[in-house]
Amino acid sequence: MKIAVVGTGYVGLVSGTCFSETGNTVTCVDIDPKKVESLKKGKLTIYEPGLEVLFERNTKAGRLNFTTSLEEGIEGAQVIFLALPTPPGEDGSADLKYILGVADDLGKILKDYAVIVDKSTVPVGTAEKVTAAIAKNAKVDFDVVSNPEFLREGVAVDDFMKPDRVVVGTQSQRAMKIMEKLYAPLVRQGNPVIFMDERSAEMTKYAANSFLAMKITFMNEIANLCERAGADVDNVRRGIGTDSRIGKRFLFPGIGYGGSCFPKDVQALGKTASEFDYDFKILKSVMKVNDKQKTKMMPQIKEYFDGDLKGKTIALWGLAFKPHTDDIREAPALYNIKSLRRAGAKVVVFDPEAMDNVKGVVGRKVKYAKSMYEALEGADALMIMTEWPAFRTPDFDKIKSSLKNNVIFDGRNLYALDEMEEKGFTYYSIGRKAIKA
C-alpha cells in the first residue's frame, strides 16, 4: 500500500518507519528542509531504541522516502496520516493550526480518493473540522479517520509493531476496510482493531493518558502520606499492585510525570470538559498535585543544608522525563534546575541522551559532565531525576569518594534503604523513611 505521513516528529517518524517495515511504500513529508535532508542522508532526527535498524533497512530498500513537497508526498497515496504537533495554547486547549492548515492544502491537491488519518492527539470534534477544511476545495471523495497513537517513548517500536489494541474512529465502510488491511500485519496474534465513531476515538486517547496520569499522581499522593504516617510506599505498591483490578503498572512513585503527552493531554481534556460546561474535579487535582510533586525534594535538600544553598554544587543524574529517550518536555529535572539556581546553587548535570536538548533550553546556566561520575566531582550532593539503567547499580565507593557529603536525593527510588544504610549514605527518596548517616 502507498502511504504518506505528514510530519516527521516523534509520532510521524516512528509510524512511517514501522509501516514501511510491513512492506508499504511510505513517503514522509515535512516543511523543515534541514530535517528532510538529514533523513535523506540516513541520519535519524530523534532518539528511539530499535528505530535505527528499521530506518536503515527500509530507506535502503526504497520503501521509506522523504520530501518537503506535500503534493509529491501524497501522490498515489491511499492513506495519508497527519502526524502534526498540537501544542497547548495559553488556555490549555490543543492548537489545531498545523493540522487544519495541511487539511486546507490537501483539499486543493487531492486527485483520487484517500483516507485522511488524524494520528495526532486531537480534541473531540477534530475529524469534523478536518473534513470541513478539506471539503472546501476537494473535487474527489475522501474519508477522515481518527486513529490515535499509544506509543511509549523508549519502547515505541515494540508498541507500534505489537500493539495492545488499535483504535480506529470511522463510520465509513470503505475507510474501515482500508484501515483493517493496513493494520492486519500488526495484529496477527489476535490483539483487537477496535472500530468506533470518530468522536469516541478522539476521546479514547485523552481518557487513556489522563487515567494513567491520575494513577501516577494517586501513588505520589500515597507516597507523600506514607512519609508522614511512617509507612513504606514500596510495600504499599506491591500490596495493591497484585490486585488484578488495579495492576502493577504506573504505581511507582516519584517526582511527577512529564513528557510530550501526559501534561498536554490532561490539560486538553480539562479544557474539553470546560467547553461542555463540566467541572472535571479529578483532572484539576491531578494537574495541581503533579506541578507540586516535580520539586518535592527541594525542601529536603534545603533543610539538609540548613536552608542555605548558596555556593553549593548539586549534581543531577538524569534530564530526560523518562529513560530511553532524549525528550525533555516538561521533565522534572528542568524544574529542579530552575529551583536550585534560584536558591543560589550551582548545578552539574549528566544524561546519556538528553544533554544536547537541555543545552538548547538552559544553555550555559549549568555545567555539563561527560560522565555520571564526572558530574559528582566536588559536588555537595547528588539528585537523581531519571531512572536510567546505568544509575541503578553505580559504584557507591566512587560516589562517596567524589561527593563532599555522602548524601543522595533520589526522586526515582532506585536504591534499597538497607543498602544505603549499610554503605553509610544519608538518603532521601519518595514515600519511604529517610536514612541518615
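1. Asp-104, Lys-108 and Lys-136 are joined in a network of salt bridges, a salt bridge being a side-chain nitrogen of Lys or Arg within 4 Å of a carboxyl oxygen of Asp or Glu. Across the whole structure, the search finds 18 salt bridges. The model is a predicted one, in which local features need pLDDT of at least 70 and side-chain atom pairs count only at pLDDT 80 or more, while totals for chains, interfaces and linings use all residues. Residues are numbered from 1 along each chain as its sequence is written, and side-chain values use heavy atoms, with hydrogens and water left out.

2. Lys-205 pairs with Glu-149 in a salt bridge whose closest N and O atoms are 3.4 Å apart. Lys-205 belongs to helix H9 (residues 198–229) and Glu-149 to the loop between strand S6 (142–146) and helix H7 (156–161), so the pair ties together parts that are 56 residues apart in sequence. Helices (H or I, at least four residues) and strands (E, at least two) are DSSP runs, numbered from the N terminus. Both partners are buried, Lys-205 with a relative accessible area of 2% and Glu-149 at 6%, where buried means under 20% relative accessible area, exposed over 50%, and partly exposed in between (1.4 Å probe, protein chains only).

3. A second pair to inspect is Lys-294 with Glu-330, a salt bridge with its closest N and O atoms 3.1 Å apart. This pair links distant parts of the chain, 36 residues apart, since Lys-294 sits in the loop between helix H12 (281–293) and helix H13 (298–304), and Glu-330 in the loop between strand S9 (313–317) and helix H14 (332–342). Lys-294 is buried at 1% relative accessibility, whereas Glu-330 is partly exposed at 33%.

4. Lys-264 and Asp-265 also form a salt bridge, their closest N and O atoms being 3.2 Å apart. Lys-264 counts as buried at 17% relative accessibility, and Asp-265 counts as buried at 0%.

5. Thr-386, in the loop between strand S12 (381–384) and helix H16 (389–392), is buried at 0% relative accessibility. Its side chain reaches the backbone oxygen of Ala-320 at 2.7 Å. Leaving aside residues up to four places away in sequence, Thr-386 touches residues including Trp-317, Lys-322, Asp-351, Phe-391 and Arg-412, contact meaning heavy atoms within 4.5 Å.

6. The largest pocket has a volume of about 1600 Å³, a volume being the space filled by probe spheres set on grid points that are joined across faces, edges and corners. On a 1 Å grid over the protein atoms alone, a pocket is an open set of points where a 1.4 Å probe fits, with protein on both sides within 12 Å along at least five of seven lines, and lining residues have an atom within 4 Å of a point. Of the 50 lining residues, Arg-152, Arg-249, Phe-250, Phe-262 and Lys-322 are the closest to the centre of this pocket. H9 gives the most to the lining, with eight residues.

7. Helix H14 has as its buried residues Pro-332, Ala-333, Asn-336, Ile-337, Ser-339 and Leu-340. These buried residues of H14 pack against H13, S9, strand S10 (346–350) and S12. After H14 comes Gly-344, whose phi is positive, near 100°.

Methods: A polar contact is a pair of N or O atoms within 3.5 Å; within protein, one must be able to donate a hydrogen and the other to accept it, and residues adjacent in sequence count only if both atoms are side-chain atoms.
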